[in-house]
Amino acid sequence: MKERLQKVMAELGVASRRKCEELIADGKVKVNGTTITELGFKVDRDLDKITVNDKLLKMENKKIYILLNKPIGYITSVKDQFDRPTVLDLIKNINARVFPIGRLDYDTEGLLILTNDGELTYKITHPKHNINKTYRALIKGAADDKDIDSFRKGLRIEDYITSPAKLEILWYEKNNTVVNITIHEGKNRQVRKMCSAIGHEVLKLKRISIGKLTLGELKLGQWRHLTDEEIRYLHVLGGAKNDTDQKS
Ligand code: URA
């Protein structure tokens with residue numbers, strides 16, 4: 001069966017589909033010895049010999065799915081120009097090259113999923129999927145009903161209006177507020193920017209859930225493999241169109 005080159009590469013764990021497209025466009029990929037730069041190029045994964053940076057892709061790559069409780073002080077890219085620790089430094093003894101689905105800031109902690117399933121990464125991070133992500137935050141000052149309303153209506157951050165989001169006030173700590181924030185977009189530093197837009201700087205930020213996946217008892221810096229049921233759920237999310245699917 002012929003399939004798109006970037007799809008096969010992503011499924012074999014090279015990287016996310018978008019990154020694979022870049023590798024192809026950059027001339028890093030050969031099929032049967034010929035460099036391919038065309039994104040629509042199709043291959044037969046059982047017959048064609050695919051190399052990336054002249055390394056042959058192995059076909060028996062097993063899919064691995066990991067849930068990590070990321071501590072502050074680690075970046076979610078696989079490499080850092082400043083040589084800071086990466087989340088991969090926390091994941092030892094696995095025989096696969098995994099990469100994070102989406103990102104968390106250096107100074108954000110909490111739930112991060114890593115996988116070598118580039119196809120799932122592509123689907124889950126696609127903006128059309130609207131997957132709920134909930135964050136526990138300590139924000140400066142006393143939040144009130146007006147702030148809840150602003151989140152619900154959408155906020156201007158730079159040149160962009162956020163879609164409706166949920167702000168839930170949990171309790172007050174001295175002059176600050178502990179809140180849960182649920183968004184379903186994934187703009188860069190979105191929660192921090194939304195909170196700044198209503199005048200409440202984020203002092204601490206932790207992602208506590210993605211859809212119905214939660215951290216459970218996992219301590220900071222620890223990770224575990226997803227269960228088969230959780231993996232199935234993620235695949236449903238990748239094809240899900242609305243909230244109802246996320247809850248089922
Ligand atoms: N929003 C942020 O501001 N930072 C994160 O790490 C995740 C969401």
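Which domains does the shell around the ligand draw at least three residues from? In this predicted model, where local features need pLDDT of at least 70, side-chain atom pairs count only at pLDDT 80 or more, and totals for chains, interfaces and linings use all residues, the shell draws at least three residues from each of domain 2 (65-127 + 216-237) and domain 3 (132-210), with bounds that come from an automatic or database domain assignment. Residues are numbered from 1 along each chain as its sequence is written, and side-chain values use heavy atoms, leaving out hydrogens and water.

The residues that surround the ligand are L104, D105, T108, Y135, R189, Q190, V191, R192 and L205, each being near it in the sense that one of its heavy atoms lies within 4 Å. By class, the shell holds 4 nonpolar, 2 polar and 3 charged residues, where Ala, Val, Leu, Ile, Met, Phe, Trp, Tyr, Cys and Pro count as nonpolar, Asp, Glu, Lys and Arg as charged, and the others, Gly among them, as polar. Helix 5 (residues 190-197) supplies the largest share of the shell, 3 residues; helices here are DSSP runs (H or I, at least four residues), numbered from the N terminus.

Turning to individual atoms, an N or O atom in the side chain of D105 is 2.6 Å from a nitrogen atom of the ligand, while a backbone N or O atom of R192 lies 3.0 Å from a ligand oxygen atom; polar contacts are pairs of N or O atoms within 3.5 Å. Of the 240 Å² of accessible area that the ligand has on its own, the protein covers 95%, as computed by the Shrake-Rupley method with a 1.4 Å probe.

Definitions and conventions. Polar contact = N/O pair within 3.5 Å; in protein donor to acceptor, adjacent residues only side chain to side chain. Helix = DSSP H or I, 4+ residues; strand = E, 2+ residues; numbered from the N terminus.
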